[in-house]
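Subject: Structure handover

Hello,

Here is the structure I said I would pass on. My notes on it follow below the entry.

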Amino acid sequence: MAQTNPPFMSGVPELLILRLLARERMYGYELVKAIRVSTGEAIGLREGVVYPALYAMEARGSLRTRRITVNGRDRVYYSVTAKGRRRLKSLTEEWQRVTSGISTALEEPGRA
Amino acid sequence: MPKHQRLLRRLSDAGIAPRYLLRIDAELQDHYADLEREAFVTEKTAAEAAAEARLRLGDDEEIAAEFLAHPELKLWIYRWPITRFGLGLLVGVLIALLAPLQLIVAKRATIARFGLAACVSVVLLVVTLLGMQRIVDLDRRVTGARSFAIERHESTDLAPVRPEKESVKNKLPSFAQRRSDSPAPIGLDGTTAAISLETFVRTTFDVRELGIGELNGDYLPIVKVAAIYPALALAQGLEGYVVVQFTVARSGAVKDVVVVESTDSLFERAAVEAAYKYKYRPRVIRGQSVEVPGVRNRISFDIAV
C-alpha cells in the first residue's frame with residue numbers, strides 16, 4: 001500500500017469521498033473500506049481522520065447526514081447534496097486537467 | 001473500547017462547535033467496534049484485534065490535527081477572535097452614546113437613571129471580579145506555603161542537595177502508633193529485619209485528612225509503599241539509602257524514576273520499584289492538575305537490632 005496521506009494528495013480525499021457517496025450513502029467505516037477497495041489499496045487513510053473531512057464537507061454544504069438504525073445499531077449516514085454534486089464535477093474536471101498535464105510532461109523524452 | 005475524553009477536551013478548548021463534539025465520540029467508538037469485529041473475523045486474539053483497531057483508527061493527536069485543519073468546524077467567535085473584542089466595544093459604545101443622546105433628545109429623566117444604574121452595575125461587577133481574583137491569589141499563596149511545610153523532606157530542586165531525614169513521629173504520634181501494629185518483614189535467618197521506623201511510617205503516610213483546598217494545592221503523598229529489603233543485602237547485614245528522583249504525573253502516579261544517589265547498588269532496584277508504587281495527590285493550579293518533575297525522596301534501609 002502506498003504512503004498514508006502523502007503530502008501531494010491534499011484535496012484527493014474530498015474528490016474520492018464525493019465520488020463514492022454520490023453512488024450511495026454510507027457511514028464512516030463503510031466509506032473508508034470503499035476508498036481502500038476502489039483505489040486498489042493505493043490510498044490508505046488513518047481511518048479516524050475521515051470524520052473531520054466529512055464534517056467539514058457537511059459544514060460547507062456538500063454533504064448531508066441522516067441517522068438510521070440498522071440491525072439495532074444507530075449509524076450516521078452521509079450522502080451528497082446538489083451543491084456537493086457541483087463540487088464533485090468541478091474537482092473531477094480539475095483532476096483530469098492536472099493528470100493530463102502531468103502525463104504530457106512525463107511522456108516528453110530527454111527532460112528529466 | 002477507547003474513550004476519547006482527551007480528544008474532546010482538546011477540540012473543545014480549540015473552539016470546535018459542540019454539535020461535532022457530540023457526534024465524534026460516538027462515531028469513533030462505532031468505527032472502533034467495526035474494526036475490532038473485522039480483526040476477529042481473521043481469527044486474531046482479543047488483544048491483537050484491539051491493537052489493530054487502535055492502530056487503524058489513528059491516535060487522538062492525528063484526529064485532533066485533522067479537525068484543527070478545518071476552521072469551518074469552529075464556532076464563529078473562535079474563527080474571528082477580533083469579534084469578541086469588537087462586540088464588547090460596540091455594546092459599550094452604544095450604551096455610552098445612546099443613553100445621554102436619548103436624554104438630550106427626549107429629555108427623559110428615566111433614561112438618565114437607567115444609564116447611571118448601568119454604569120454603577122458595571123463598576124460594581126469589575127470591583128467584585130478584581131476582588132475575587134485577589135482572594136484566589138491570596139489563597140494560592142497560603143495553600144502553597146502550607147503544603148511546603150508538610151512535605152519538607154521532598155525537594156523539587158534540581159541542584160544536588162542532600163535531602164534530610166525527617167522524623168514524623170512528633171507530628172502525628174497517634175498515626176505512627178496505629179501503623180506500628182503492622183508486622184515487619186522477616187529476614188533470611190528468621191530474625192525480624194525491620195525497615196527503620198522513620199521509613200516505615202513515611203511509607204504509609206496519609207495526608208487526605210489535612211484538608212488542603214481543591215482549587216489550588218500542591219502535590220502530597222497519599223500512599224508510599226515500603227521498599228522490600230534486598231535479600232542479598234540483608235544476608236550481608238548491609239544498611240544504606242537511595243535517593244530517587246521522579247515526576248509526579250497529573251494522575252498522581254509516579255513516572256520516570258531515576259536513582260540520584262545510593263550507598264550501594266544492591267538497594268537501587270528495590271528503591272525504584274517501591275517509588276513506582278507511590279501515589280500522590282497531584283498539584284492543582286486553577287482547578288487543573290499539573291505534572292511535577294524533579295521530586296526527590298530518600299529511602300533508607302536500616303536493620304533494627
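This is a predicted model: local features need pLDDT of at least 70, side-chain atom pairs count only at pLDDT 80 or more; totals for chains, interfaces and linings use all residues.

Ser38(A) belongs to helix α2 of chain A, which covers residues 28–38. Its side chain comes to 2.8 Å from the backbone oxygen of Ala34(A). A polar atom of the Ser38(A) side chain also lies 3.4 Å from the backbone oxygen of Ile35(A). Elsewhere in the sequence, Leu20(A) is 18 residues away from Ser38(A), and the C-alpha atoms of the two are 8.8 Å apart in space.

Now chain A as a whole. Its secondary structure consists of four helices and two strands, and along the sequence these come in the order α-α-α-β-β-α. Chain A has 112 residues, of which 41% count as buried. If one takes the contacts in chain A between residues at least 6 apart in sequence, 51% of them join residues at least 24 apart.

Chain B has 305 residues, and 37% of them count as buried. Eleven helices and seven strands make up its secondary structure. Of the contacts in chain B with a separation of 6 or more, 69% are between residues 24 or more positions apart.

Two packed helices are described by the angle between their axes and the distance between the axes. Here the pair is α2(B), residues 18–41, and α3(B), residues 46–57; their axes come within 8 Å and cross at roughly 130°. The crossing of the two is right-handed.

Which residues of α2(B) and α3(B) meet? On the α2(B) side they are Leu28(B), His31(B), Tyr32(B), Leu35(B), Glu36(B), Glu38(B), Ala39(B) and Phe40(B). On the α3(B) side they are Ala46(B), Ala49(B), Ala50(B), Glu52(B), Ala53(B), Arg54(B), Arg56(B) and Leu57(B). By type, the residues of this contact between α2(B) and α3(B) are ten nonpolar, one polar and five charged.

Regards

Note on methods: Residues are numbered from 1 along each chain as its sequence is written. Chains are lettered from A and ligands numbered from 1 in the order in which they are written. Side-chain values use heavy atoms; hydrogens and water are left out. Axes are lines fitted to C-alpha atoms, for helices over the stretch in contact, and angles run from 0 to 180 degrees between N-to-C directions. A crossing is left-handed if the near helix is turned anticlockwise from the far one by less than a right angle, and right-handed if clockwise. Contact means heavy atoms within 4.5 Å. Ala, Val, Leu, Ile, Met, Phe, Trp, Tyr, Cys and Pro count as nonpolar, Asp, Glu, Lys and Arg as charged, and the others, Gly among them, as polar. A polar contact is a pair of N or O atoms within 3.5 Å; within protein, one must be able to donate a hydrogen and the other to accept it, and residues adjacent in sequence count only if both atoms are side-chain atoms. Buried means under 20% relative accessible area, exposed over 50%, partly exposed in between (1.4 Å probe, protein chains only).
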